[in-house]
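Colleague: Hi! Could you walk me through this one in plain words?
Modeller: Happy to, let's look at it together.

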Amino acid sequence: MTRILVVEDEPAIAQALEDDLTLEGYQVVVVRDGRVAVKTALEEPFDAILLDIMLPGKDGFEVCRELRRHGSRTPILMLTARTQESDKVLGLETGADDYVTKPFGVRELRARVAALLRRSQGGAALPTVRIGEAEVDFSRGEIRRGGSAAPLTPIEFRLLQAFVRARGRILTREQLVSDAWGPNTFVSDRVVDNHIGSLRKKLEPDAAEPRHLKNVRGLGYRLDG
């Protein structure tokens, strides 16, 4: 059964989310504190995390950042009452995969959770591929280079899938957003560039002088080699 961790401190919202997701056939675990969320997410297997931003203990940004720092690749959908673009961008930059703004409709939430799960599970059949001196193992979600292995975040995983499938061809930022975050999702150029930069650190011998993941000025990015 697909397991979802709901991190929400407002009892009414937490209960509504638990009830609706359970009716959809998911197994739901609810926690109401940021510190507990980190511990639970790292100790138990989950297929997705619904993460509120305003939490006691640690806020959602801190929780997301800490999970990614510990190598967690579980997809994260942020729940936010904040409508400012900067808050949404910050959530994506800390490692979230998507966000939904409160108040949200039940149908929208169901659709976003389903899309998040599809994207996280799709395309995992890609083989291990070689890019220059690096070896990308999609089955393990990691890049191996120089005797060490670096885990991929969910966004990095999907970006790299898109690049490998379009090897040698330019992908615009809009195409990368659609492949990694999903269609009709707002993600700024800065967020895309930051994730590309993170990928380069794991993939390239020298991230400042990339040999493989190249920027094509005014158009997008291309994977060579």
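Modeller: Let's start with a helix pair: α2 passes α3 in a right-handed crossing, the near helix being turned clockwise from the far one by less than a right angle. This is a predicted model, where local features need pLDDT of at least 70, side-chain atom pairs count only at pLDDT 80 or more, and totals for chains, interfaces and linings use all residues. Residues are numbered from 1 along each chain as its sequence is written, and side-chain values use heavy atoms, with hydrogens and water left out.

Colleague: Which residues of α2 and α3 make the contact?

Modeller: From α2 there are Gly34, Ala37, Val38, Ala41 and Leu42, and from α3 there are Val63, Glu66 and Leu67. Contact means heavy atoms within 4.5 Å. By class, this contact has 6 nonpolar, 1 polar and 1 charged residues. Ala, Val, Leu, Ile, Met, Phe, Trp, Tyr, Cys and Pro count as nonpolar, Asp, Glu, Lys and Arg as charged, and the others, Gly among them, as polar.

Colleague: And α6 with α8, at what angle do they pack?

Modeller: Helix α6 and helix α8 (residues 189-203) pack at about 80°, with their axes 10 Å apart. Axes are lines fitted to C-alpha atoms, for helices over the stretch in contact, and angles run from 0 to 180 degrees between N-to-C directions. The helices themselves are DSSP runs (H or I, at least four residues), as are strands (E, at least two), numbered from the N terminus.

Colleague: What does that make α6 relative to α8?

Modeller: Roughly perpendicular, α6 to α8. Angles of 65 to 115 degrees count as roughly perpendicular, under 35 as roughly parallel, over 145 as roughly antiparallel and the rest as oblique.

Colleague: New topic: which residues touch the most other members of the largest nonpolar core?

Modeller: Those are Leu51, Met78, Val136 and Trp181, in a core of 50 residues. The largest share of this core, 7 residues, comes from helix α6 (residues 154-165). A nonpolar core is a set of buried Ala, Val, Leu, Ile, Met, Phe, Trp, Tyr and Cys residues joined through side-chain atoms within 4.5 Å. Another core, of 15 residues, lies apart from it, and includes Leu50, Leu79, Val100 and Leu117.

Colleague: Is Thr153 buried or exposed?

Modeller: Thr153 counts as buried, at 16% relative accessibility. Buried means under 20% relative accessible area, exposed over 50%, and partly exposed in between (1.4 Å probe, protein chains only). Thr153 sits in the loop between β9 and α6. Not counting residues up to four places away in sequence, Thr153 touches Arg68, Arg73 and Lys202.

Colleague: And where does Pro151 lie?

Modeller: Pro151 lies in strand β9 (residues 148-151). With a relative accessible area of 42%, Pro151 is partly exposed. Leaving aside neighbours within four places in sequence, Pro151 is in contact with Gly71, Gly141, Glu142, Glu156 and Lys202.

Colleague: How far apart are Pro151 and Arg169 in space?

Modeller: They are 25 Å apart, C-alpha to C-alpha, and 18 residues apart in sequence.

Colleague: Last one: which peptide bond is cis?

Modeller: The bond from Lys102 to Pro103 is cis, with omega near -5°. Pro103 is placed in the loop between β5 (98-101) and α5 (106-121). As background, most peptide bonds are trans.
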